[in-house]
Amino acid sequence: MEGIKYTEMMGENVLDKLKYCGKGVRVFQLTKIINPWYAELDDHCIIYDYTFIDAQKSFKLGKYSEITWHCCVEGASFVHIGDRCFLGPGTKILGSTYKFDGYYSVQHLPEGASEVRYAGVTIKDDAYIGANCIIMPGVTIGEGALIGAGSFVNKDVEPWSIYVGTPAKKVRDREKPTPERRAIVEAMDWSNHL
């Protein structure tokens, strides 16, 4: 995509470059998405200012999901975030890390001196990630899981559970929405999922 200017990769200027852009998508002006042609944003999702996303392999954000201020999605791997998910301010999702035992930890050395480990991240529907969390490569956050602020998540998280700490540990189960609240949401249009 030669000839694209830096400012064209920010805010609403990126919407026409996405692989898919649903109805009512809001990308705030100071959001940066690189490799947007691999990004899919479903209906009514919101990405707030000062968020950085590298969509290099595949980035999907589900319907009515929110990524708040100062979040970062990096790592040249896939990141798939389900419907009705929330990422709190300052949260980092890492799709890669350096191998460090026996290697240098810098990518721009001659071939063989360093090596990067890539692994995708999946966040299932209805998950809530608190402020300043770190999600490591290869992790799956189960449906409806809640991650407490400041947590470090390096292992899969069970559905409808609450995890906190560094490393994150399960502290209890999370109640599912009541039948009345589920009825409100289930009456909405959930067709054309990514």
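Predicted model: local features only at pLDDT ≥ 70, side-chain atom pairs only at ≥ 80, totals over all residues.
Residues are numbered from 1 along each chain as its sequence is written, and side-chain values use heavy atoms, with hydrogens and water left out. Local features need pLDDT of at least 70 and side-chain atom pairs count only at pLDDT 80 or more, while totals for chains, interfaces and linings use all residues.

The protein chain has 1 helix and 22 strands. Along its principal axes, the C-alpha trace spans about 60 × 40 × 25 Å. Of the 194 residues, 44% count as buried. Buried means under 20% relative accessible area, exposed over 50%, and partly exposed in between (1.4 Å probe, protein chains only).

Strands E21 (residues 161-164) and E22 pair in the antiparallel sense over 4 bridges. Pairing requires at least two DSSP bridges between two strands. Val164 stands opposite Lys169 in E22. The two strands form a hairpin with 4 residues between them. In the turn, Gly165 has a positive phi of about 105°.

A nonpolar surface patch is formed by Leu30, Tyr50 and Trp69. Together they have about 310 Å² of accessible area. Areas come from the Shrake-Rupley method with a 1.4 Å probe; for residues, only the protein chains shown count as cover. Patch residues have over 30% relative accessible area and no salt bridge, and nonpolar side chains (Val, Leu, Ile, Met, Phe, Trp, Tyr) are joined within 5 Å, like charges within 9 Å. A salt bridge places a side-chain nitrogen of Lys or Arg within 4 Å of a carboxyl oxygen of Asp or Glu. Trp69 lies in the loop between strands E8 (66-67) and E9 (72-74). Its relative accessibility is 40%, so Trp69 counts as partly exposed.

The whole structure contains 0 disulfides, defined as pairs of cysteine sulfur atoms within 2.5 Å. For Cys21, the closest cysteine sulfur is in Cys45, at 7.3 Å, too far for a bond. Cys21 is partly exposed, at 30% relative accessible area. Cys71 is buried, at 2% relative accessibility.
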